Amino acid sequence: MNVQFEGHTSIGKDEWLTPPYITQALGEFDLDPCSPIVRPWDTARKHYTIEDDGLTQPWIGRCWCNPPYGNETKKWLAKCVEHGNCIALIFARTETRMFFNHTWDKADALLFIKGRLKFCHVDGTVGGSAGAPSVLVAYGQENADVLENCDIEGKFVRLK
């Protein structure tokens with residue numbers, strides 16, 4: 001649920017939350033392995049925070065993964081690939097090594113979100129537009145079907 005940008009943003013913080021309409025449009029999740037400690041809304045039945053170290057915990061069921069951004073993102077995407085039943089929200093930096101290693105050849109589908117997301121502050125209020133376009137990455141055919149049929153505006157691409 002949290003987005004931690006590499007370093008600090010121009011407003012001096014590095015934790016941002018997924019707008020709730022995104023996860024609501026994708027259905028119920030069993031686990032959010034990168035949730036903030038204090039959150040204004042739930043994104044899954046179970047949450048791991050930084051205190052739990054979601055990368056080292058067992059992932060169960062259908063997972064929502066909005067990983068820390070920057071160099072850490074690839075570790076979370078590798079865990080998504082390993083688990084195989086996830087939807088991840090990342091920046092749509094399609095030319096990067098990370099995207100090639102963990103998305104193009106490993107994911108089942110992508111939904112490139114139209115426009116720039118407005119992430120939320122930890123108190124739940126809406127912030128400014130993100131610094132790059134975003135994409136939802138489906139790992140598992142059922143998650144690919146969810147992306148194809150959800151009401152989030154964008155361009156759907158099936159990879160497998």
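Predicted model: local features only at pLDDT ≥ 70, side-chain atom pairs only at ≥ 80, totals over all residues.

What follows is a short chat about overall shape, core packing, salt bridges and a surface patch.

Biologist: What share of the residues count as buried?

Modeller: To count as buried, a residue needs under 20% relative accessible area. Of the 160 residues in the chain, the share that passes is 48%.

Biologist: Which elements give two or more residues to the largest nonpolar core?

Modeller: That core has 24 residues, and Ile22, Leu26, Trp64, Leu89, Leu136, Leu147 and Ile152 touch the most other members. The elements giving two or more residues to this core are α1, β6, β7, β10 and α4.

Biologist: Leaving aside neighbours within four places in sequence, which residues is Leu147 in contact with?

Modeller: Leu147 is one of the core residues that touch the most other members. Nonpolar side chains tend to be buried together in soluble globular proteins. With those sequence neighbours set aside, the contacts of Leu147 are Leu26, Ile87, Ala109, Leu110, Leu111, Leu136, Val137, Ala138 and Phe156.

Biologist: Onto charges: how many residues apart are Glu153 and Lys114?

Modeller: Their side chains meet in a salt bridge, at 3.2 Å from N to O. The pair links distant parts of the chain, with Glu153 in the loop between α4 and β11 and Lys114 in the loop between β7 and β8; they sit 39 residues apart.

Biologist: Is Arg158 buried, exposed or partly exposed?

Modeller: Arg158 and Glu148 meet through their side chains in a salt bridge of 2.7 Å, N to O. Arg158 is in strand β11 and Glu148 in helix α4. Exposed would take over 50% and buried under 20%. Arg158 has 31% relative accessibility, so the call is partly exposed.

Biologist: Last one: which residues make the nonpolar surface patch of about 330 Å²?

Modeller: One member, Val38, is in the loop between β3 and β4. Its relative accessible area is 63%, so Val38 counts as exposed, and a patch residue needs over 30%. The residues that make the patch are Ile37, Val38 and Ile50.

Note on methods. Residues numbered from 1 in each chain as written. Heavy atoms only, no water. Patch = residues over 30% accessible without salt bridge, like charges linked within 9 Å, V, L, I, M, F, W, Y side chains within 5 Å. Areas by Shrake-Rupley, 256 points an atom, 1.4 Å probe, with all protein chains shown as cover. Salt bridge = Lys/Arg side-chain N within 4 Å of Asp/Glu carboxyl O. Helix = DSSP H or I, 4+ residues; strand = E, 2+ residues; numbered from the N terminus. Buried < 20%, exposed > 50% of the residue type's maximum accessible area, 1.4 Å probe, protein only. Core = buried A, V, L, I, M, F, W, Y, C linked by side-chain atoms within 4.5 Å. Contact = heavy atoms within 4.5 Å.
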